Amino acid sequence: MPLFPVGTEIPSLYAKPQWFVGCVRYCHEHKAADMLSHLNVEHYLPVQIVRRRWSDRMKNVEVLLIPRYIFVRCRYSERVEILENVPDITHFLVDRDTHKSATVREESMNILRRMVEYDDREITVEPGLFAPGDHVRVIHGPLAGSECDLVEVNGRKCIAVNLGMLGAARMEMPLSQIELIK
């Protein structure tokens, strides 16, 4: 018996590709990304260049933004095939409320990519969902036009992008570069 009887509309969760969060074996993030590339599966492994201090020098180091996780864009039905073909991905995150695979909105993924790729400020990912604050729009810089939430951390204003079950990615942002959305 088919999952959806003939003539009924297939929910968008099953019909169109969405961003799922894959959990990866320890230190196998790049290997999982390579395997997904060979399978022609769209994925995103957020990596940023961070300046680290050693005892005798400063050095730019490539650091995973969210260790042990990779974002995979596929249809709901393709997840099992990905798990079978990419042994480094152990499972996909599941939303405890709905008992379905957790997804990240397309808009949030686009903003996260722009944060990582086009801005040199360090990004931190806060575990857990952030408390909803003022909804703002970035008006200057490479993130111009992005709509995010404004949060305050240690007295500093930051923009935050909700990543669902993973929490939120945040970056410090001067108030002159944002405007309030009413």
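Predicted model: local features only at pLDDT ≥ 70, side-chain atom pairs only at ≥ 80, totals over all residues.
The largest pocket holds about 250 Å³. Its lining has 13 residues, and Gln18, Thr103, Val104, Arg105 and Glu106 lie nearest the centre. Strand E1 (18-24), strand E7 (103-104) and helix H4 (106-118) each give two or more residues to this lining. By type, the lining of the largest pocket splits into 4 nonpolar, 5 polar and 4 charged residues.

The second largest pocket holds about 200 Å³. It is lined by 13 residues, with Arg105, Ser108, Ile111, His135 and Glu147 nearest its centre. H4 supplies the largest share of this lining, 5 residues. Strand E10 (147-153) and strand E11 (156-162) each supply at least two. Here the lining divides into 4 nonpolar, 4 polar and 5 charged residues.

Aromatic rings were considered next. The whole structure contains 2 aromatic pairs. Phe20 and Tyr76 form a tilted pair, with 6.1 Å between centres and 55° between planes. These partners are 56 residues apart: Phe20 lies in strand E1, and Tyr76 in the loop between strand E5 (69-74) and helix H3 (79-85). Phe20 counts as buried because its relative accessibility is 0%. Tyr76 is also buried, at 15%.

Phe20 and Phe92 form an edge-to-face pair, 6.2 Å centre to centre and 70° between the planes. Phe92 belongs to strand E6 (residues 89-92), 72 residues from Phe20. Both Phe20 and Phe92 are buried.

Arg79 lies over the face of Phe20, 5.9 Å from the ring centre. The charged end of Arg79 also sits over the ring of Tyr76, 4.0 Å from its centre.

Methods
Residues numbered from 1 in each chain as written. Heavy atoms only, no water. 1 Å grid on protein atoms, 1.4 Å probe; cavity = no way out; pocket = protein on both sides within 12 Å on 5 of 7 lines; lining within 4 Å. Points joined across faces, edges and corners; volume = space filled by probe spheres on them. Helix = DSSP H or I, 4+ residues; strand = E, 2+ residues; numbered from the N terminus. Nonpolar A, V, L, I, M, F, W, Y, C, P; charged D, E, K, R; others polar. Phe/Tyr/Trp six-rings, centres within 6.5 Å; stacked < 30°, edge-to-face > 60°. Buried < 20%, exposed > 50% of the residue type's maximum accessible area, 1.4 Å probe, protein only. Lys NZ or Arg CZ within 6 Å of the ring centre and 35° of its normal.
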